[in-house]
Amino acid sequence: MTRQRGTVEDSETGATALGSTDRLFDFFGRHRSVAIMAAMLLVAIALPLIVLAPPFSGFNTQGVWIDNFNGAGIYVLLALGLNVVVGLAGLLDLGYAAFFAIGAYTYGLLASSFYGIHVPFWPMLIVGALVAALFGIALGAPTLRLRGDYLAIVTLGFGEIVPVVFTNSDALTNGTNGISGVDRPSLPGIIFGASNPVPFYVTMVVMLTIVLILLYRLQDSRLGRAWMAIREDELAAASSGVNTITTKLLAFALGATTSGLAGVFAASRLVFVSPDQFGFTVSFTILAMVVLGGMGNIWGVAIGAFVVFIVQSVVLKQLTNFLQPLNIPFLSSIDFLQYQFLLFGIALVAMMLLRPEGLFPSSRRRRELHTAQGDDLSSPQESAEPLT
Amino acid sequence: MTATAQAAPAVPETPDDVLIARSITKQFGGLVALRNIEFVIPRRAIVSLIGPNGAGKTTFFNVIAGLIPPTSGSIELSGMRLIAPARRAWLEPLLWFAPPLLVLLIGILVSGGNIQLVALWGLLALLLATLILPTAMARPAWYESFIRRLGIFRSARPNDIVRSGVGRTFQNIRLFHNMTALENVLVGMHLKLRSTPVDAVLSTPRHRAEEEEARVRAARYLELAGLRGRDDELARNLPYGDQRRLEIARALACEPVLLLLDEPTAGMNPRETGEITALIGRLRTELGLTVLLIEHDMRVVMGISDRITVLDQGERIAEGTPEEIRRNPRVIEAYLGKPPS
Ligand SMILES: Nc1ncnc2c1ncn2[C@@H]1O[C@H](COP(=O)(O)OP(=O)(O)OP(=O)(O)O)[C@@H](O)[C@H]1O
Ligand SMILES: [Mg+2]
């Protein structure tokens with residue numbers, strides 16, 4: 001009895017000894033959605049301020065930086081969506097840009113002078129996402145029986161077909177020329193524009209916050225576990241009662257939804273849609289972002305996508321501009337922008353060799369790779385396994 | 001005690017049989033893995049399936065679990081015919097493709113050469129196909145009962161078999177290696193959890209309560225299988241014996257009526273084998289389960305089984321109580337080879 005009281009007291013003093021930071025972490029651990037909102041708010045305020053300081057201030061004005069962040073946000077959304085399909089459910093999708101295109105075209109066609117239809121931006125966010133989801137299911141359905149390489153090749157095909165359809169249906173989509181004069185979003189008293197990227201920025205931050213919360217909740221639910229089970233062993237998942245067909249379709253649909261959102265946003269930001277915005281390089285870039293960031297880890301993928309985009313669209317250009325006047329032989333004559341995919345490729349190869357789990361692996365994958373290295377040959381389990 | 005009383009002769013069917021297999025034949029190309037197998041499992045019995053390597057035991061499991069369609073024969077689970085030859089299968093694709101094609105045809109006829117209108121109708125047809133095809137592939141319950149009413153029959157899929165009360169383990173361990181032990185069991189509970197993705201996204205009280213309760217229950221299954229305190233370990237990091245236990249825990253989480261265990265003690269030392277044997281006994285007495293067991297270890301089989309069926313090269317060569325099987329000359333021959341005469 002006394003001993004019991006003693007332990008209770010111990011744990012109580014332990015609790016009061018917790019630092020305030022510990023308690024903060026404890027609070028956010030239990031209220032993850034609040035933590036995500038707080039983190040996004042902090043990042044959203046910090047980013048435009050950081051770029052006022054050198055060396056970033058030398059690259060671009062704050063306005064251009066914010067516009068770049070909007071571009072990065074689009075790719076973060078795309079990478080988050082693809083992460084559900086590839087990272088969680090383990091379905092290798094090489095044609096993910098198709099859903100981006102479908103979202104963008106849905107908005108482009110229904111909110112421009114091309115058909116003279118002008119549906120407002122805000123409901124179109126949902127419509128675009130739903131249309132993309134529908135196509136996600138439609139394109140996902142025939143691939144459901146396929147695995148691994150075969151699935152990758154079929155999705156690669158879809159990724160090629162969709163832009164080609166938009167290119168060749170001249171009468172419906174204005175073909176190669178694309179659709180210009182797409183509507184910008186509108187809110188009373190707020191002007192969304194190229195010269196004023198802040199409203200777009202706020203919109204993107206809100207969208208990302210919602211998507212992040214949603215994805216985290218799904219990942220930890222019955223559906224999220226079913227996705228991972230399919231990734232690990234589809235047959236065992238089915239034998240545990242998981243309807244693999246529905247589960248895979250939901251992964252495709254959710255990935256496409258996120259992509260559709262990104263598409264609507266992108267179309268209204270550029271006020272222009274054309275088929276060449278959605279080529280294979282886009283699918284490939286998003287996939288590389290997911291892999292570099294750390295497949296399956298939501299934050300890792302988001303940060304990976306952000307960094308890759310900023311490096312691609314800002315750093316490489318600045319590097320070229322910076323080196324040119326220095327007259328260093330060879331280096332000064334390189335246009336790094338032209339070599340972005342070469343550099344990208346090198347980064348991927350290096351990553352696979354040095355840190356295959358990605359920059360920010362999920363704790364799960366890190367543990368896995370860690371132990372795999374730890375007990376390489378001395379593992380008695382392997383030899384004990386019977387072959388029959 | 002009741003269990004042994006119920007485990008009277010297994011061959012004659014009684015209404016209380018959990019599983020009835022009728023004349024199951026499975027051919028892999030020219031190889032007959034199972035030939036006209038008749039099999040009955042009475043409720044709350046422990047029935048063992050033994051036989052030399054390649055006899056067809058695992059194949060029989062896979063047929064029951066819906067993973068391999070039998071070449072012929074049928075299987076009833078708790079009175080429901082779940083696996084049998086397909087009937088009117090040709091009708092189903094018609095159901096899927098007729099509506100969209102009809103819409104497209106009407107569209108082409110109605111729009112009189114106006115390409116934009118045709119495209120719109122085409123889009124409508126596509127939309128319809130988009131709704132019908134995935135639904136048909138996912139086969140929800142209402143769709144199943146709809147096609148049954150049209151006289152169409154297709155064998156149940158593995159997840160349907162789980163729903164009707166069969167849990168299984170695999171001979172070559174098939175865990176979700178990069179998930180924790182607890183998560184593995186939670187996947188096993190998939191069909192017992194009710195909350196939808198929408199519940200999860202909105203984090204409704206119902207969802208949170210269910211998740212919390214599910215974790216408690218999952219931990220209890222782990223404990224039952226002898227894995228207390230291993231909740232947060234990745235399945236791949238568990239020692240071999242614990243991986244086998246985790247497979248049992250995951251199978252139990254489906255709350256099966258019939259549990260299929262494929263060599264649960266393979267590769268285990270005598271102490272672990274004893275523990276698993278005791279666990280199987282407890283599953284019947286405490287959870288009221290019926291167990292179909294494939295096992296090479298004769299001490300386990302003879303000690304625990306009510307009935308034993310012996311397969312050899314796809315044929316059922318003997319069926320009876322452990323005592324009968326021990327003395328059966330055909331069984332001895334199959335295991336030891338023909339005695340020199
Ligand atoms: N998918 C398959 N394709 C072709 N042949 C198969 C397949 N599965 C099993 N077989 C063959 O069917 C026969 C029965 O195999 P099965 O795995 O059922 O034997 P078993 O009784 O479980 O043997 P063991 O005791 O070794 O596990 C074997 O000859 C095997 O090679
Ligand atoms: Mg076997």
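The model is predicted, so local features need pLDDT of at least 70 and side-chain atom pairs count only at pLDDT 80 or more, while totals for chains, interfaces and linings use all residues. Residues are numbered from 1 along each chain as its sequence is written, chains are lettered from A and ligands numbered from 1 in the order written, and side-chain values use heavy atoms, without hydrogens and water.

Q: How many helices and strands are there in chain B?
A: Helices (H or I, at least four residues) and strands (E, at least two) are DSSP runs, numbered from the N terminus. The C-alpha trace of chain B spans about 85 × 50 × 35 Å along its principal axes. The count for this chain is 14 helices and 10 strands.

Q: What percentage of the residues of chain B count as buried?
A: Buried means under 20% relative accessible area, exposed over 50%, partly exposed in between (1.4 Å probe, protein chains only). Chain B has 341 residues. The buried share is 52%.

Q: What is the strand order of the open sheet of 6 strands in chain B?
A: Two strands pair if DSSP finds at least two bridges between them. Pairing in this sheet is mixed. β6 (166-168) and β10 (315-320) of chain B each have a single partner strand, so one side of each lacks a neighbour in the sheet. The order is β6-β7-β8-β3-β9-β10.

Q: By what angle are neighbouring strands of this sheet turned against each other on average?
A: Axes are lines fitted to C-alpha atoms, for helices over the stretch in contact, and angles run from 0 to 180 degrees between N-to-C directions. For this average, direction is ignored. The value is 20°.

Q: Which helix of chain B packs on the sheet?
A: Contact means heavy atoms within 4.5 Å. The helix touches β3 (46-50), β6, β7, β8 and β9 (307-312) of chain B. Its direction makes about 145° with that of β8(B). It is α2 (residues 57-64).

Q: Which residue of β8(B) stands opposite L261(B)?
A: Strand β7 (residues 258-262) and strand β8 (residues 290-294) of chain B run parallel. They are joined by 5 bridges. The residue opposite L261(B) is L293(B).

Q: Which residues of β3(B) point the other way from I46(B), S48(B) and I50(B)?
A: In a regular strand the side chains alternate between the two faces of the sheet. In β3(B), 5 of the 5 residues are buried, so the strand is largely enclosed by the rest of the structure. The residues pointing the other way are V47(B) and L49(B).

Q: What is the bridge partner of L49(B) in β9(B)?
A: β3(B) pairs in the parallel sense with β8(B) over 4 bridges. β3(B) also pairs in the parallel sense with β9(B), over 4 bridges. On the β8(B) side, V47(B) stands opposite L292(B). In β9(B), the partner of L49(B) is T309(B).

Q: Is Q318(A) buried or exposed?
A: Q318(A) lies in helix α15 (residues 298-323) of chain A. Its contacts beyond four places in sequence are F59(A) and N60(A). Its relative accessible area is 12%, so Q318(A) is buried.
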